[in-house]
Amino acid sequence: MYPRLVCNIEKIKNNITTILDLSKQKNINISAVVKGMSAWPDVVEVIVKSGVTSVADSRLLNLKKISHIPAEKLLLRIPMISELNDVVKFADISLNSEMETINLLDTICKNEKLKHGIMLMIDVGDRREGILPKDISKYIGAIKNLKNIYVAGVGMNITCYGAVLPSKENLSILVKCAQEMESALGYKLRYISGGNSSSYMYMLNGNLPEKINHLRLGEVLLQGRETEFGRIVSGLDNDTFFLQAEVIELKVKSSLPEGRQGIDGFGNKPSFEDKGLRKRAIVAIGRQDINMNTYSPFDSGIEVLGASSDHMILDVTDSKQKISVGSIIDFHINYEGLLSLSTSEYVHKVILREEDL
Ligand SMILES: *Cc1c(COP(=O)(O)O)cnc(C)c1O
């Protein structure tokens with residue numbers, strides 16, 4: 001059935017083992033961030049079987065989907081007060097920055113006779129989540145009094161909103177915060193978490209400060225791309241996931257629309273180049289499933305002309321493939337494409353195993 005999102009599981013395994021080998025060598029713990037594929041349970045299972053002991057996602061619903069898989073679970077997005085009952089059920093550790101939320105977590109844990117770990121987030125400059133470094137003593141002073149919450153770690157998140165890159169400076173702010181927290185708490189933190197895939201090259205090159213012992217890795221693990229420079233890491237696989245969609249119409253038509261022109265289905269006024277008559281294919285997938293510019297055909301002879309909600313239009317005139325109605329077209333996808341395809345309930349999810357290759 002099509003369209004389908006295909007996972008090449010051998011390539012995922014390669015990425016996992018390569019990254020785990022490196023992280024062991026550098027004494028860094030890894031949480032595998034699986035939100036990029038909506039915590040696809042069969043793939044998460046393989047990731048855990050390959051040796052990953054900690055799995056992370058921003059969505060509680062995703063952690064719920066994988067609650068049967070034996071691994072530590074981290075909730076990456078600061079929890080909503082309205083979801084705290086489930087947070088303590090489906091996450092072992094949640095990332096936090098609000099005292100009000102942490103206090104309520106403590107109350108729920110007390111009632112449920114549970115312990116819950118928090119990773120206190122520090123804003124070192126990206127200006128997304130986190131408390132400011134100057135406020136640590138205030139927060140730790142309050143958290144210390146809570147009986148059912150322990151501080152499992154401290155973390156920073158960068159290169160997400162403000163596009164701030166990792167640096168000696170912001171990493172050492174984190175280290176200083178960790179030291180301050182440990183001496184105020186009187187115990188060692190399990191995780192001192194130096195960021196996401198944008199910190200990967202710091203680990204690879206041995207440039208993480210010694211005290212940093214944890215990274216939360218999504219994109220580099222799922223698609224082999226570090227996000228400091230946006231490069232594919234050598235030895236890692238990028239084409240771990242791809243899209244297959246089916247041709248439903250194939251006709252020779254003029255490259256220019258005909259008639260009085262207004263705006264398209266998405267409020268834009270498109271312009272067209274006159275290339276004369278072209279062979280055009282419509283494939284059954286659209287912007288409801290995947291955004292423009294997040295995919296590209298394997299076949300360099302195929303050009304993406306555009307898409308509406310449910311139709312993607314291709315120029316296949318220069319393709320060397322024999323395309324007909326019912327043909328399947330393959331596409332590379334980037335991380336954003338993977339996120340939306342895995343979210344779409346209209347896209348079938350298929351794992352390609354070794355025996356299928
Ligand atoms: C998404 C996310 C990550 C992982 O980011 P990648 O760039 O995919 O490695 C790590 N930490 C937090 C808080 C996140 O939201």
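User: In this predicted model, how far is the side chain of Arg128 from an oxygen atom of the ligand?

Analyst: A polar contact is a pair of N or O atoms within 3.5 Å. In this structure, an N or O atom in the side chain of Arg128 lies 3.2 Å from an oxygen atom of the ligand.

User: What are the corresponding distances from the ligand for Lys35 and Arg216?

Analyst: For Lys35, an N or O atom of the side chain is 2.7 Å from a ligand oxygen atom. For Arg216, a polar side-chain atom is 2.8 Å from a nitrogen atom of the ligand. The ligand has 390 Å² of accessible area on its own, and the protein covers 94% of that area.

User: How many residues surround the ligand, and how are they divided by class?

Analyst: The ligand is surrounded by 14 residues, and the closest are Lys35, Ser197, Arg216, Gly218 and Tyr335. By class, the shell comprises five nonpolar, four polar and five charged residues.

User: How is a pair of aromatic rings described, and how many aromatic pairs are found in the whole structure?

Analyst: Two values describe such a pair: the distance of the centres and the angle of the planes. A search of the whole structure finds three aromatic pairs. One of them is formed by Phe242 and Phe298, with 5.6 Å from centre to centre and 50° between the planes, and is tilted.

User: Where in the chain do Phe242 and Phe298 lie?

Analyst: Phe242 belongs to strand E10 (residues 241-254), whereas Phe298 is in the loop between strand E12 (295-297) and strand E13 (303-307). The two are 56 residues apart, and the pair links distant parts of the chain. Phe242 has a relative accessible area of 13%, so this residue is buried. Phe298 is partly exposed because its relative accessible area is 39%.

User: What kind of aromatic pair do Tyr295 and Phe331 form?

Analyst: Tyr295 and Phe331 form an edge-to-face pair, with centres 5.7 Å apart and planes at 90°. Tyr295 is in strand E12 and Phe331 in strand E15 (residues 328-333), 36 residues apart, and this pair also links distant parts of the chain.

User: Why do Tyr295 and Phe331 count as buried?

Analyst: Buried means under 20% relative accessible area. Tyr295 counts as buried because its relative accessibility is 9%, and Phe331 because its value is 0%.

User: Which ring lies under the charged end of Arg287, and which under Arg190?

Analyst: The charged end of Arg287 sits over the ring of Phe266, at 3.9 Å from the ring centre. Arg190 lies over the face of Tyr191, at 5.7 Å from the centre of that ring.

Definitions and conventions. Residues numbered from 1 in each chain as written. Predicted model: local features only at pLDDT ≥ 70, side-chain atom pairs only at ≥ 80, totals over all residues. Heavy atoms only, no water. Near = heavy atom within 4 Å. Polar contact = N/O pair within 3.5 Å; in protein donor to acceptor, adjacent residues only side chain to side chain. Areas by Shrake-Rupley, 256 points an atom, 1.4 Å probe, with all protein chains shown as cover. Nonpolar A, V, L, I, M, F, W, Y, C, P; charged D, E, K, R; others polar. Phe/Tyr/Trp six-rings, centres within 6.5 Å; stacked < 30°, edge-to-face > 60°. Helix = DSSP H or I, 4+ residues; strand = E, 2+ residues; numbered from the N terminus. Buried < 20%, exposed > 50% of the residue type's maximum accessible area, 1.4 Å probe, protein only. Lys NZ or Arg CZ within 6 Å of the ring centre and 35° of its normal.
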